[in-house]
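Reader: I am new to this structure and should like to learn how to read it. May we go through it feature by feature?

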Amino acid sequence: MKAGKLFVKGIGSKKSMFAGALAACLIFTFILTGCGQEADPADGSDRGSGQEGTPSGAVEDGQGGYLFEIDGVTVGVDMDMGELASRLGESNSVFEAQSCAAQGTAYLYSYTSFEIETYPDGGKNRIAYITLKDDTVATAEGIDLSKTKADIIKAYGEASQEEDNRMTYEKGGMKLNFIFNGEDIVSIEYVSGIMG
């Protein structure tokens, strides 16, 4: 292997490790802060969430939003993870915690290049977040962690919202976030509208 290829591979590994650490920090911060609300003892609902029992208003099966495809499997927020899990293959790990979005258990499925966090919706385990962690996976529009802001704008147009470290696109009641460290994309997040 040539020295140039080793250098590029080393950068990708560092980017992947940083993206994974960033994603884990964001998820645990969300779990710790979002679930700190008291449950109403009369009806079991979450105070201040605006939700009664299970979430409402989720776009059924990810219709109309941005989608992610991996190994021929199309994945979108609000899709039922129960129907997708076997098609995605075995995850590296599964973490479970009390859901911040609804009554029940949320799950975090960690795969090599991406993560999926879910929320309960009646008898279904729906996708709340999809996080792309390295440049071996890309959005359906061809954006991965090796691309630039200019590539994102070429693929998606102007962002709905832009901050120093984030570009957000909205479609079909969901958000697609590109997270930056300087000029480098470190994470790509699909976020269900149910998460706010």
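Reader: What is the mean pLDDT of the protein chain, and where is the pLDDT below 50?

Author: The term pLDDT denotes the predictor's confidence in each residue, from 0 to 100. Where it is low, the predicted coordinates should not be read in detail. Here the protein chain has a mean of 76, and 67% of its residues reach 70 or more. Residues 1–14 have a pLDDT below 50, and this stretch makes 1 contact beyond near neighbours in sequence (contact means heavy atoms within 4.5 Å). Residues 16–59 are also below 50, but that stretch has 70 contacts beyond near neighbours in sequence.

Reader: In what order do the strands of the sheet stand?

Author: Strands (E, at least two residues) and helices (H or I, at least four) are DSSP runs, numbered from the N terminus. Two strands pair if DSSP finds at least two bridges between them. In this model 8 strands form an open, antiparallel sheet in the order β3-β4-β5-β6-β10-β9-β8-β7. β3 (93–98) and β7 (161–163) are at the edges; each has a single partner strand, so one side of each lacks a neighbour in the sheet. From one strand to the next, the twist averages 15°; such angles run from 0 to 180 degrees between N-to-C directions, with axes fitted as lines to C-alpha atoms, for helices over the stretch in contact.

Reader: How many bridges join β5 to β6, and how many join β6 to β10?

Author: Strand β5 (residues 114–121) pairs with β6 over 8 bridges, and Pro120 stands opposite Asn125 in β6. Strand β6 (residues 124–132) pairs with β10 over 4 bridges, where Ile130 faces Tyr190.

Reader: Which strands do the helices meet?

Author: Helix α2 (residues 81–88) lies across β4 (105–110), β5 and β6, at about 55° to β6. Helix α3 (residues 149–156) touches β7, β8 (166–171), β9 and β10, and its direction makes about 10° with that of β8.

Reader: How is a nonpolar core to be read, and which residues have the most contacts inside the largest one?

Author: In soluble globular proteins, nonpolar side chains tend to be buried together. Buried means under 20% relative accessible area, exposed over 50%, and partly exposed in between (1.4 Å probe, protein chains only). A nonpolar core is a set of buried Ala, Val, Leu, Ile, Met, Phe, Trp, Tyr and Cys residues joined through side-chain atoms within 4.5 Å. The largest core has 32 residues, and Leu88, Ile116, Phe178 and Tyr190 have the most contacts inside it. Its largest share, 4 residues, comes from β9. Apart from it lies another core of 6 residues, including Ala128 and Val191. Strand β10 (residues 184–191) has 7 of its 8 residues buried.

Reader: How many salt bridges does the structure hold?

Author: A salt bridge is a side-chain nitrogen of Lys or Arg within 4 Å of a carboxyl oxygen of Asp or Glu. The structure holds 3. In one, Asp121 meets Arg126, with the closest N and O atoms 2.8 Å apart, and both residues are buried. In another, Glu189 meets Arg166 at 3.8 Å; this pair links strands β10 and β8, the residues being 23 apart in the chain. Glu189 is buried, at 9% relative accessible area, whereas Arg166 is partly exposed, at 25%.

Notes: Residues are numbered from 1 along each chain as its sequence is written. This is a predicted model: local features need pLDDT of at least 70, side-chain atom pairs count only at pLDDT 80 or more; totals for chains, interfaces and linings use all residues. Side-chain values use heavy atoms; hydrogens and water are left out.
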